[in-house]
Amino acid sequence: MILKPSRADVRIIAWAIGRVILGVGLIMLAPLFTSLVCSEWNVALDFLIGIAACVLFWLVTESTCRVERDLRWFHGLIVASAGWLTAIVFGAIPHYLSGHFKSFLDACFDLMSGYTTTGLFLLQDLDHCSHGLNMWRHLLTYAGGQGIIVIALTFLFAGTAGSFKIYVSEGKEEKLLPNVINTARAIWMISLSYLAVGSSLLWAALVREGMPAGRGFLHAVWLFMGAWSTGGFAPQSLNLLYYHSLTVELVTLVIFVIGSFNFALHYSVWTGDAKEIYRNVETRSFALTLMLSTFLLSLGLGKVGVFGSLMEFFRKGFYNLVSGHTTTGNSTIYSVSFYRDFGFLAMWAVILAMAVGASACSTGGGFKGLRMGILYRYFRGELRRLASPERAVVAEKIHHIRDIWLDDALVKGVFFVLLCYVITYFMGGMLGIAYGYEPSVAFFDAVSAGSNTGLSAGLTSPLMPAAGLSAGLTSPLMPAALKVYYIFAMWAGRLEFMSVIALLSFFGALARGRRGR
Amino acid sequence: MKRSTPHPILWLAALVLAAASFALSSVAARGAESQVTVQELVEKAQEYDGREVVVEGEVVGDVMMRGEEAWITVNDDPYSRRSLEEGGEFAGLSNYGIGVVLPRAEAEKVKVLGGYKHHGDRVRVRGIFHRADREHGGDTDIEGVSLEVVKPGYPIPHPFSYGKLAVALALSAAAAFLGSRLLKRRSAPAS
């Protein structure tokens, strides 16, 4: 049971959140610069207001909440979960001021979707959006992919033990280097290096496909950010279908697959241990689940027969499946196609791939390959135990950077998180059904939100296909209760539940807990 | 006087002619162009697949020239008539658009592309709708035959918002005041 927090607890949490919000304000400098360069003066003012609000909040917390002590585990959990929620509210200011959102709730939805690298959006009239707003949309998903706490840690926190506690609370458990600040910086080094290479490749591809160099450059950077962070945002409403380009699809496919890998795996490869790619439980798990889901997809699409050739299967089937599996959400088809052209089996292949998701400590979401690997080894161990003599000692291990032996505590933890994901998916699906959506569509979008994927069968995106509801009942018109639930699902799924449970307990303890200390 | 009645063969010929003209007219209707919305095309893709259609809307984004052909995107949602940047009403959606692949000469007629600063040319495109275009990797698109600019595009005015400037200045002033106080407090020697 969590004891009633003292005033000092609340102050230190608020102080750390203030620093996270300052980080959000600093990120807004990039879209501010973009809008100034593009002479989008009113958009620049939107970002100036956003930055000023973030700085003001930071100054208030710095003036009133600074405490000379380090963060504890409990503080770290609350800072991560409440910090994300606060970052949503401040980040949504330029969104709302842009005039492309009907309500502040819609703007918050897009912010949560961006930070959690989900990619669902309720923004209206995307094709008339400014470059500044597009830069903000993509940058926040890129930053969210690394973790907004990681950003704050990189620049705004001293290297204390408390830093590690909030780092871990953001759903990242890997320490690439002994010091967590250096770990955060290593994550940034990896991401920025890929940004330079990936954007250049995409730029070349887009110019080759007939885009002007200037717009091509911006689109390349944005597409990279969307793909690498497994966010799936794109600057045009048709997403990847807009480009009609095999080359662009191939480059983004490679980017989001690499982006979905564990940062620890990246670091191992970077530091010379290339064999880790083949030995790591997550790459093996990803390869296996991808093969299984591709098999299901090919059965399903073969039955429907809309995409007849191998090329069509690759560009319309496989691309979207991998996009779902890596929890990216980039798409080369209309939302309705999942429902109308994929058929039941292929649609559920994508749903299952999204549910499994990407790697732990990556930009992706879902159950994660690491947990799938642990589960597989656990069940294999249980079967071996049943088949062995009573006195035999059966032990199972996985390889993830190093060999890890499975024990009860580890397996229990995996089961708990898995159960939380299943409940989140299930509740979202049932809520969608309760609002009258077709079950496959309701579960597709619920799993997409909970696993931070961003593909949509229409419930949260334009051209909504739900039977009989398609005329006019489009994304921003979805019921407010569903929007709120999806915001919760994206947030909880990204933070892998622990921080969220801690925050709820914190509020419970504030309301009625016993006073400690 | 006895009234002459038509020969039964004539009746039969008339019947055959009527049936044939009905069949021909239905075939012609199936092949003939019909103006449709993008939403209708995408939602009834199976029905429209391979048929000649006419779509009217705003060209947004880019004209991507690729050899002798070019790709454009035509939106026909409510924002293609009046975008949010022009003060249009919220329609509750992002955009409805479709990719159109055209002969280069047709695409060159497009002069203004829709975006933040411009409302794009309003065009009428005639072409064959493909649910999954075999030539283009299975894209849902229109293989355009001709393009006509119905209404030229125009710049969207964005009058400077002094209200936003005032809010930005007020917040910045408050931050500067608080920041200077904090700095003074930090630099003051501890009593």
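Trainee: At what angle do α15(A) and α17(A) pack, and how far apart are their axes?

Mentor: In this predicted model, the two helices α15(A) and α17(A) pack at about 30°, and their axes are 7 Å apart.

Trainee: Why are α15(A) and α17(A) called roughly parallel?

Mentor: The angle is about 30°, and angles under 35 degrees count as roughly parallel. The pair α15(A) and α17(A) therefore receives that description.

Trainee: Which residues of α15(A) and α17(A) meet?

Mentor: From α15(A), A:N320, A:L321, A:G324 and A:H325 meet A:A349, A:V350, A:A353, A:M354 and A:V356 of α17(A). Sorted by class, this contact has 6 nonpolar and 3 polar residues, with no charged residues.

Trainee: What makes α17(A) largely enclosed by the rest of the structure?

Mentor: A residue is buried when its relative accessible area is under 20%. In α17(A), 10 of the 14 residues are buried, so the helix is largely enclosed. Among them are A:G343, A:A346, A:M347 and A:I351.

Trainee: Which helices do the buried residues of α17(A) pack against?

Mentor: They pack against α14, α15, α16, α18, α19 and α20 of chain A.

Trainee: How do you know that the end-to-end distance of α17(A) agrees with its number of residues?

Mentor: The expected span is 1.5 Å times one less than the number of residues. For the 14 residues of α17(A), at positions 343-356, this gives 20 Å, and the end C-alpha atoms are 20 Å apart, so the two values agree. Just after α17(A), A:G357 takes a positive phi of about 75°.

Trainee: Turning to chain B, what is the order of the strands in the closed barrel?

Mentor: The 5 strands run β1-β2-β3-β6-β5 in chain B, with mixed pairing. On average, neighbouring strands of this sheet are turned by 55° against each other, direction ignored.

Trainee: How do you know that β1(B) and β2(B) pair, and in which sense do they run?

Mentor: Pairing requires at least two bridges. Strands β1(B) and β2(B) are joined by 6 bridges and run antiparallel. In their hairpin, which has 2 residues between the strands, B:G67 takes a positive phi near 65°.

Trainee: In what sense do β3(B) and β6(B) pair?

Mentor: These two strands, β3(B) and β6(B), pair in the parallel sense over 3 bridges, with B:V100 opposite B:I142 in β6(B).

Trainee: What makes β2(B) mostly covered?

Mentor: Of the 7 residues of β2(B), 6 are buried.

Conventions: Residues numbered from 1 in each chain as written. Chains lettered and ligands numbered in written order. Predicted model: local features only at pLDDT ≥ 70, side-chain atom pairs only at ≥ 80, totals over all residues. Heavy atoms only, no water. Helix = DSSP H or I, 4+ residues; strand = E, 2+ residues; numbered from the N terminus. Axes fitted to C-alpha atoms, helices over the stretch in contact; angles between N-to-C directions. Buried < 20%, exposed > 50% of the residue type's maximum accessible area, 1.4 Å probe, protein only. Contact = heavy atoms within 4.5 Å. Parallel < 35°, antiparallel > 145°, perpendicular 65-115°, else oblique. Nonpolar A, V, L, I, M, F, W, Y, C, P; charged D, E, K, R; others polar.
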